[in-house]
Amino acid sequence: MTTSPTSRQISDPTHRPSRRSRVWPRYIPLVGVAIVFIFPLLFMFMSSLKPDAQILADVRSFRAFLPVGELSTDNYSAVFDRVPAWRFMANTIFVVAMVVGFGLIVNSMAGFALSRLQWRGRGIALSIILATLIVPFETIAVPMVWWVAKLPWIEFQDFIPTLTTGWLNTYRVQIIPFIANAFSIFLFAQYFKSIPKELDEAARVDGASWFTIYRKIIVPLSGPAFATVAILTFLPVWNSFLWPIMVVQQEALRPVQVGVQYFFQLETAWGEVMAYTSFITIPVLLFFLVFQRAFVSSIASAGVKG
Amino acid sequence: MRRNPWLGIVAGLGAVTLTLAGCGSSDGSTDDGGAGGNGGLSTLKLWYHGAGNDAERTVVEQQIADFNASQEDYEVVLESFPQASYNDSVVAAAVAGDLPCLLDMDGPIVPNWAWGGYVQPIEVDQAILDTWLPSAMGYYQDDLYAIGYWDAAIGMYARQSVLDTYDIRIPTSDDPWSGEEFEAILQTITEGGEFDYALDLGVNDVSEWYPYAFSPQLQSFGGDLIDRDTYLTAKGALNGPEALEWGNWWQGLFEKGYASTTEQDGNPEFLEGRVALQLNGNWGGVQALEEFGDDMLFLPMPDFGEGPVIGGQSWMFGISATCEHPEGANAYINFSLKDEYVADFTTALGLIPTTEAAAAMTEYYQPGGALEPFKEYSERFALIRPPTPAYSVISSVFTKAAEDIKNGADVKATLDQAVAEIDADIAANDGYGN
């Protein structure tokens, strides 16, 4: 009796299915999840190329996700007529760069001090920092406005330093309050704990200062943590809306998210809304794509270490 | 030579600090509460809600340019804000003590901001006020706090051909549809099966549209949002027999299939011929005329017992309480109330001009103009939303109640709950000074 390969494969308990056949069942739900996340973006990009009437007509069918119908870049032209979009974009990039840059320095130093240095009250300090996480920003926004309106600053007028009062209508009011971040400090502290302390001790024996240890040992070994904090800091600052509308009145200083509301008049121009949101979403996608490998790596390792 | 790493960090931080200091304020001006010096001129900042609305902003900019050209003492500087977050910006500025001299505000919020000390009474020539549309003036406790260049009005959008098909008479301001007649019309059109729905109410817009567009029917039934004698309670007004009658009628519109509970954003249904009647404002009139031409009708609202009622008040301009140059701000407001500016706003926005002279300058609101009916409705049927500081809470509570009733909630329980919430807010604020 001959046995066909197929029946042999079925009857042989030691036979393992090919890699492809094992992988496909796992890919099906993953593709489903990917569709859920990709389709809103697809809808946004496709709608940005269509006139309003077609957007509203297509929204009831799969055509909403397809580049069909009367396509043009008219909505993008209209966006730049209605909103100083490049100015808003430049403002946001500047603010985000400052917050992320200073945030990485300040929060990593704080995390280093809390995880590597031995000093009295360290545990209490960390507890207090973590406790601030449970306070929603919305509850302290109004008191913060009151405070920043009264904070002093030094301005240089004709190269002469002058003491002024009030931070409203400035870049600094969008930057400085968000540099120190409790979650970033916690994340850095947790990551730094995973680096062997023997490295510190060896460096100390060699005469290294704590700052040298931070800069030459800890920072080079913590790339994923820095990437994660950069992304986690980047997103909320990029999406910042409530704070700017409360503290920035000059159009020239506004960030991109405030610009979204320029389109919601009596008759909402949906094509322009989609064009503008596409315009301000692209940098976010690029930022994530650049850092995603380190981001995923750090999140995974942080999860293991708890 | 060994380099000290701290020097690099301190130098870097110092450079960025200098950068931040240098770009602290984009125009280099100091923040002086709305008035500052500029070559001998006192600067008056003007905040306005129409960022992104070029047609409207162009007229405001023209007013400012003309005023500044006429002045030796004051200079008005415009700052535009997006409408949806405008109130948040003003309230935050008030908290920070950073309000501008001049600002615009939506009519119903005027009493709240007057009570809260954000704005001060304005002084407008009596000769101007005598000619002005009453619903475009914002009073609180007998003081005028704001004045607008236009008003809005709603009416019933319809097509002559549709009414003829169903043998429906065309109502007039003197002889509007009664409540029973309107019910029969909706039933007839629904049974005809020609349209998706008989009536488009715009219920997808869960915002100020609800109290603006739907509380007038409550008032036409004989109810109200609050007891206007005392402004201390909503009891009886919002949950009395008339209000219950309104609630049952309102819920019935959806239960009987006359109107949809879920409408498309932008409300294109009427223009696309998918509904027969539409509750809409005069701002959509020009587009409807372009679509249907002479077939288009703008009808008065039905009379549910106390006569037709529509909402009144739109955006207005006033002066902040912290303005250091109220005389300059008043000079600007009086200057800006010229008929030609009012006409320009009407042309730009399609809204109702506030004077007869301005109306005569416009295409649509001049005598015999296609949108003139809205002007008549505004003059005859407009009832301003309750001029009380409690209105912001009344507005949100009524919106939620009407939304819940639309979705099938028990009418009496919902209105009783709404009254309890409004009364609790008034009590918590010691009656808002009433």
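Helices here are DSSP runs of H or I, at least four residues in length, numbered from the N terminus. I keep in mind throughout that this is a predicted model.

**Entry 1**

I started with A:I28, which sits in helix 2 of chain A, the run covering residues 19-47. Is A:I28 buried or exposed? I got 58% relative accessibility for A:I28, so I put it down as exposed, the cut-off for that class being over 50%. A:I28 belongs to a nonpolar patch of about 630 Å², together with A:W24, A:Y27, A:L30, A:V31 and A:I35.

**Entry 2: A:T132**

Next I went to A:T132, and found it in the loop that runs between helix 6 (122-131) and helix 7 (137-148) of chain A. Its relative accessibility came out at 43%, so A:T132 goes in my list as partly exposed. What does the side chain of A:T132 have by it? One of its polar atoms lies 2.5 Å from the backbone oxygen of A:I129.

**Entry 3: the disulfide**

How many disulfides does the structure hold? I counted one over all chains. The partners are B:C101 and B:C323, with 1.9 Å between their sulfur atoms. The pair ties together parts of chain B that are 222 residues apart in sequence, because B:C101 lies in the loop between helix 3 (86-96) and strand 4 (102-106), while B:C323 lies in the loop between strand 14 (315-320) and helix 11 (326-336). I worked out the torsion about the S-S bond of B:C101 and B:C323 as about 75 degrees, so I noted the disulfide as right-handed. Both cysteines, B:C101 and B:C323, are buried.

**Entry 4: salt bridges**

My tally of salt bridges over all chains was 23.

I took A:R82 and A:E272 to begin with; their side chains form a salt bridge at 2.8 Å, N to O. This pair links distant parts of chain A: A:R82 is in helix 4 (residues 74-82) and A:E272 is in helix 15 (residues 270-305), 190 residues apart. I found A:R82 buried and A:E272 buried as well.

Over in chain B, B:E183 and B:K256 make a salt bridge, and their closest N and O atoms are 2.7 Å apart. Here too distant parts of the chain are linked, with B:E183 in helix 7 (residues 179-192) and B:K256 in the loop between helix 9 (241-255) and strand 11 (275-281), 73 residues apart. I have B:K256 as partly exposed, because its relative accessible area is 46%.

The pair B:E379 and B:K375 has its salt bridge at 3.1 Å, N to O. Where do B:E379 and B:K375 lie? I found both in helix 14 (residues 372-381) of chain B, four residues apart, which is about one turn of the helix. B:E379 has 42% relative accessibility, so I call it partly exposed. B:K375 has 7%, so I call it buried, given that buried means under 20%.

Last, I looked at a salt-bridge network. Which residues does it link? I listed A:E251, B:D54, B:R57 and B:E61.

Technical notes:
Residues numbered from 1 in each chain as written. Chains lettered and ligands numbered in written order. Predicted model: local features only at pLDDT ≥ 70, side-chain atom pairs only at ≥ 80, totals over all residues. Heavy atoms only, no water. Patch = residues over 30% accessible without salt bridge, like charges linked within 9 Å, V, L, I, M, F, W, Y side chains within 5 Å. Areas by Shrake-Rupley, 256 points an atom, 1.4 Å probe, with all protein chains shown as cover. Salt bridge = Lys/Arg side-chain N within 4 Å of Asp/Glu carboxyl O. Helix = DSSP H or I, 4+ residues; strand = E, 2+ residues; numbered from the N terminus. Buried < 20%, exposed > 50% of the residue type's maximum accessible area, 1.4 Å probe, protein only. Polar contact = N/O pair within 3.5 Å; in protein donor to acceptor, adjacent residues only side chain to side chain. Disulfide = S-S within 2.5 Å.
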